[in-house]
Amino acid sequence: MTTAPMAPTTARATTDERALKQLQREHGQALLAFLLGLTQGDRQRAEDLAQETLVRAWLHPEAFDSSYESMRPWLFTVARRLAIDARRSRLSRPTEIGDGMLACTADPADTTESADAALDVRAAVRGLSPEHRAVLVQLYFRGLTVNEAAADLGIPAGTVKSRSHYALRQLGHRLPGYRPRHRTGVARPPAVAPQ
């Protein structure tokens, strides 16, 4: 059995370290300033892009052999393309949130806030007239439709709508931060047992 000879591994040519240092000395500050503009002042992102641009210069020594007087146009073109690619990559992912946002978010296991709100709602509902309270109980606690509530209460459907509208407005005045949503008709929330 004969095996084919393996192709010799060739090391990729890279830019001379001294030439790269000289490139960074001559164009580093201008490159960083250019990238700060492209990243809306995000210094960390601009520094990362500047470093990646210099890595590209290191990997492409042929760019130093061009007939141009300066490497700056080549560097800026590479940097701009890297910035565009980085922006597209960021936009294709969901927005990242920091620890600060997580610290401000309520713990879903903590029922204190919802229990406190339930007490406020119960007190506000108790303050309504019996007619308004009866309509809200039918619609929001029992989960009935307007027509079902009207039949159960023995009043016209228009009266149910009117009473629910005015009852919600009164609750809005009694509950801090609550405003009823403006919609056509009355929403049919999930049934909840009154307490």
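Q: A crossing is left-handed if the near helix is turned anticlockwise from the far one by less than a right angle, and right-handed if clockwise. In which crossing, left-handed or right-handed, does α6 pass α7?
A: This is a predicted model, in which local features need pLDDT of at least 70 and side-chain atom pairs count only at pLDDT 80 or more, while totals for chains, interfaces and linings use all residues. Residues are numbered from 1 along each chain as its sequence is written, and side-chain values use heavy atoms, with hydrogens and water left out. The crossing in which α6 passes α7 is right-handed.

Q: How many helices does the protein chain have?
A: Helices (H or I, at least four residues) and strands (E, at least two) are DSSP runs, numbered from the N terminus. From that end the elements run α-α-α-α-α-α-α-α. With 0 strands, the count of helices is 8.

Q: Are α6 and α7 roughly parallel or oblique to each other?
A: Axes are lines fitted to C-alpha atoms, for helices over the stretch in contact, and angles run from 0 to 180 degrees between N-to-C directions. For α6 (residues 130-141) and α7 (residues 146-153) the axes come within 9 Å and cross at roughly 130 degrees. Angles under 35 degrees count as roughly parallel, over 145 as roughly antiparallel, 65 to 115 as roughly perpendicular and the rest as oblique. The pair α6 and α7 is therefore oblique.

Q: Which residues of α8 make the contact with α7?
A: The axes of α7 and α8 (residues 157-174) come within 8 Å and cross at roughly 105 degrees. That makes the two helices roughly perpendicular. Contact (heavy atoms within 4.5 Å) is made on the α7 side by Val146, Asn147, Ala149 and Ala150, and on the α8 side by Ala157, Val160 and Lys161.

Q: At what angle do α1 and α2 pack?
A: α1 passes α2 in a right-handed crossing. Among the residues in contact are Leu23, Leu31 and Leu35 of α1 and Ala46, Leu49 and Ala57 of α2. With the axes 9 Å apart, the angle is about 145 degrees.

Q: Is histidine 27 buried or exposed?
A: Histidine 27 lies in helix α1. Beyond its neighbours within four places in sequence, histidine 27 is in contact with Ser70, Met71, Arg72 and Leu75. Buried means under 20% relative accessible area, exposed over 50%, and partly exposed in between (1.4 Å probe, protein chains only). Because its relative accessibility is 6%, histidine 27 counts as buried.

Q: Where is glutamine 40?
A: Glutamine 40 has a positive phi of about 55 degrees although it is not a glycine. At 66% relative accessibility, glutamine 40 counts as exposed. Its place is in the loop between α1 and α2.
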